[in-house]
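Have the model open in your viewer.

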Amino acid sequence: MRSRGTRGLWGVVALLLLAGLMALAATAPEFLSTPDLDRIALGPGDAPPFGTDDRGISLLEYAAQGASIVVAPALFSGFVVMMLSTMAGLVRCAGLTWIDGAIQVASELVGSLPRLVVILVVALILPSDYRTLLPIGLTWALLAAPGAMDEAAATAGRLGGERFVEALKAHGFSGVRIYLYHVVWLNLRSVIVRQGAEVTMHVVFLEIALSYLALRRNEPSFTHADSEFSWATLLYQGYTALLGSDLMHALWLGLGLVAATAVMAQAVRLSARAR
Amino acid sequence: MVRLLAALALPIVVPAIITMVLWALPGHPAEIICPPGICDGTQALAERWNLHLGPWHFFTTWISNAVTGDFGNSWRVQQGFPVADLIWESLPATSMLVGLALVPLVVGAVLAAAGWIPKLLDPLWQAIGLVPAVILALFLAAQVEITYGALSFGGWPGQLRLLLGALVLGVADNALSGALVGTRSVFEAELRQRYVQIAVLRGESTLSNALPNVLPALIGQFRARTLHLMSGAVVVEVVMGVPGLGELLFDGTLMQDFGVVLAATWAFSLMSAVLLGSQALAEIAVALWVRSSPSGVAEGAAA
């Protein structure tokens with residue numbers, strides 16, 4: 001059942017998770033604490049809430065710094081995709097066919113190359129001062145945008161496009177109400193929100209993947225400053241735990257944060273489903 | 001026809017865009033690739049990569065060298081080693097990885113289209129697909145290293161890494177669920193069409209009637225999935241330790257080896273162009289097939 005209550009419940013779950021991640025990001029220290037060799041690899045019971053790493057530093061600090069790296073760029077990237085999708089849907093309803101054609105051409109061009117290849121080229125040619133997650137996330141958003149715009153335009157097209165708007169105008173509704181309420185809120189919302197949530201989640205996963213790969217090579221990541229630590233650090237510590245070190249709690253925390261991101265994106269999607 | 005032209009243009013457009021972006025960014029391209037603060041020999045690099053005589057000179061020189069297979073020598077990934085050799089050495093692993101990863105996708109798509117995989121299981125595939133490739137690869141790489149230790153990169157363990165990498169690529173990041181759900185939904189939409197129902201009443205098979213009409217969409221999906229796998233191959237190759245083109249590209253980016261990155265990107269653009277060209281040719285073939293009247297229709301008309 002896609003009742004209002006169920007959707008509302010998913011909305012609450014999404015908001016709670018988002019608030020949790022934002023609170024975590026807000027409490028992120030600028031630098032990690034000094035290593036404490038008396039508190040090495042303590043579990044969550046001995047060093048609440050998440051335990052410590054192999055230098056005695058609280059894993060909470062890693063989680064907070066990781067959240068501060070991803071939250072703003074990921075949300076902004078998702079927002080960009082939502083805005084572009086909304087525009088594409090509105091354009092279809094306004095009957096501007098030449099923009100439709102331009103979107104299809106852009107979709108064809110942008111979709112021709114593997115996305116991660118484009119991301120790595122962008123990471124290479126970005127000036128070192130700009131090497132943060134934001135330009136990389138925005139690139140990912142722009143790569144995902146043509147597909148999202150195409151879907152939003154197709155949804156608006158199925159609605160009737162220009163004829164739908166004309167019919168509502170004949171009923172005496174204002175243009176603002178027709179476009180923003182009838183088209184966007186009632187009909188495009190589910191597509192737009194799903195695309196935005198997916199891109200937000202993908203940008204978080206992208207950061208984790210790129211930072212993890214850099215860690216595997218013992219090189220600094222191009223998604224954040226050297227003084228900051230991504231959630232990938234937790235996963236890398238977890239990887240060493242799988243090989244025998246005493247840091248399994250780091251793995252669980254890393255997986256928990258990844259799962260929280262995925263659940264948040266799914267909850268956003270489910271909360272915006274069409275009736 | 002537009003796709004065919006795009007396929008032909010792609011290997012030229014990709015280095016052209018990189019060239020344009022390099023010169024559009026603030027600062028000299030050589031300083032972007034090799035920032036003076038953290039890197040020595042910016043001027044020498046500019047001359048070596050023809051960056052000192054402007055974008056047109058750089059682009060034409062690079063393309064004309066690339067056509068002859070000359071990408072220069074690696075600067076940092078493997079110092080002094082010809083980039084072309086690095087590319088050739090890494091291509092088989094990536095091709096194998098992507099090829100093997102396509103197996104579960106194609107099998108799954110066929111089974112889903114035939115209705116042998118129940119729709120009820122879709123949430124399960126989608127839940128599995130939510131797992132990022134990096135996480136799944138992390139667990140499997142650890143398992144291989146625990147089992148085979150220091151010898152886990154050659155022989156059978158090396159092949160196992162490749163197989164497990166293909167499994168990760170095929171399952172993670174919604175690859176399998178997308179193939180199952182996408183193919184099934186295309187078929188379901190087509191089977192609801194009136195002409196298919198009439199064909200059933202005439203005693204013809206639904207597949208032979210629907211297939212020509214769904215093939216363009218399926219071919220498009222197949223290309224998109226292959227591109228998705230090629231993208232994911234970068235992550236899987238590095239985490240699983242598979243010496244492929246993705247790993248080379250990532251190492252090049254991480255170590256700021258401009259020659260390696262440009263050549264690897266060009267190799268990816270060539271593969272993408274082949275995919276795009278194949279899609280275009282397949283669509284033309286399907287269009288010709290659809291235009292020629294089916295034998296059943298001709299017989300019916302004659303009667």
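What pattern does chain B follow, read along the sequence? The pattern is α-α-α-α-α-α-α-α-α-α-α-α-α-α. Chain B has 14 helices and 0 strands. Helices (H or I, at least four residues) and strands (E, at least two) are DSSP runs, numbered from the N terminus.

A word on conventions. This is a predicted model: local features need pLDDT of at least 70, side-chain atom pairs count only at pLDDT 80 or more, and totals for chains, interfaces and linings use all residues. Residues are numbered from 1 along each chain as its sequence is written, while chains are lettered from A and ligands numbered from 1 in the order in which they are written.

Next, confidence. The predictor reports it per residue as pLDDT, from 0 to 100. Chain B averages 87, and 96% of its residues score at least 70. Within chain B, helix H5 (residues 83-113) has the highest confidence, at 94. Helix H14 (residues 295-302) of chain B has the lowest, at a mean of 51. Where pLDDT is low, the predicted coordinates should not be read in detail. For the complex, the predictor gives an ipTM of 0.85 and a pTM of 0.88.

Now the overall form of chain B. Its C-alpha atoms fill a box of roughly 80 × 50 × 35 Å along the principal axes. Of its 303 residues, 42% are buried (20 or more other C-beta atoms within 10 Å of the residue's own, with C-beta atoms placed from the backbone). Take the contacts in chain B with a separation of 6 or more: 72% join residues 24 or more positions apart. Two residues are in contact if their C-beta atoms, placed from the backbone, lie within 7 Å.

Turn to the interface. Here 30 residues of chain A are in contact with 40 residues of chain B. On the chain A side, helices H4 (115-125), H7 (175-216), H8 (231-242) and H9 (248-271) each give two or more residues. H4(A) has the largest share, 8 residues.

Finally, the core. The largest nonpolar core has 172 residues. Such a core is a set of buried Ala, Val, Leu, Ile, Met, Phe, Trp, Tyr and Cys residues joined through C-beta atoms within 7 Å. H7(A) gives the most to this core, 19 residues. Domain 1 (1-68) and domain 2 (84-302) of chain B both give residues to this core, so it lies between them. The domain bounds come from an automatic or database domain assignment. Leu120(A) is among the residues with the most contacts inside the core. Beyond its neighbours within four places in sequence, Leu120(A) contacts Val234(B), Leu249(B), Phe250(B), Thr253(B) and Val261(B).

How values were computed
Buried ≥ 20, exposed ≤ 12 C-beta atoms within 10 Å, placed from the backbone.
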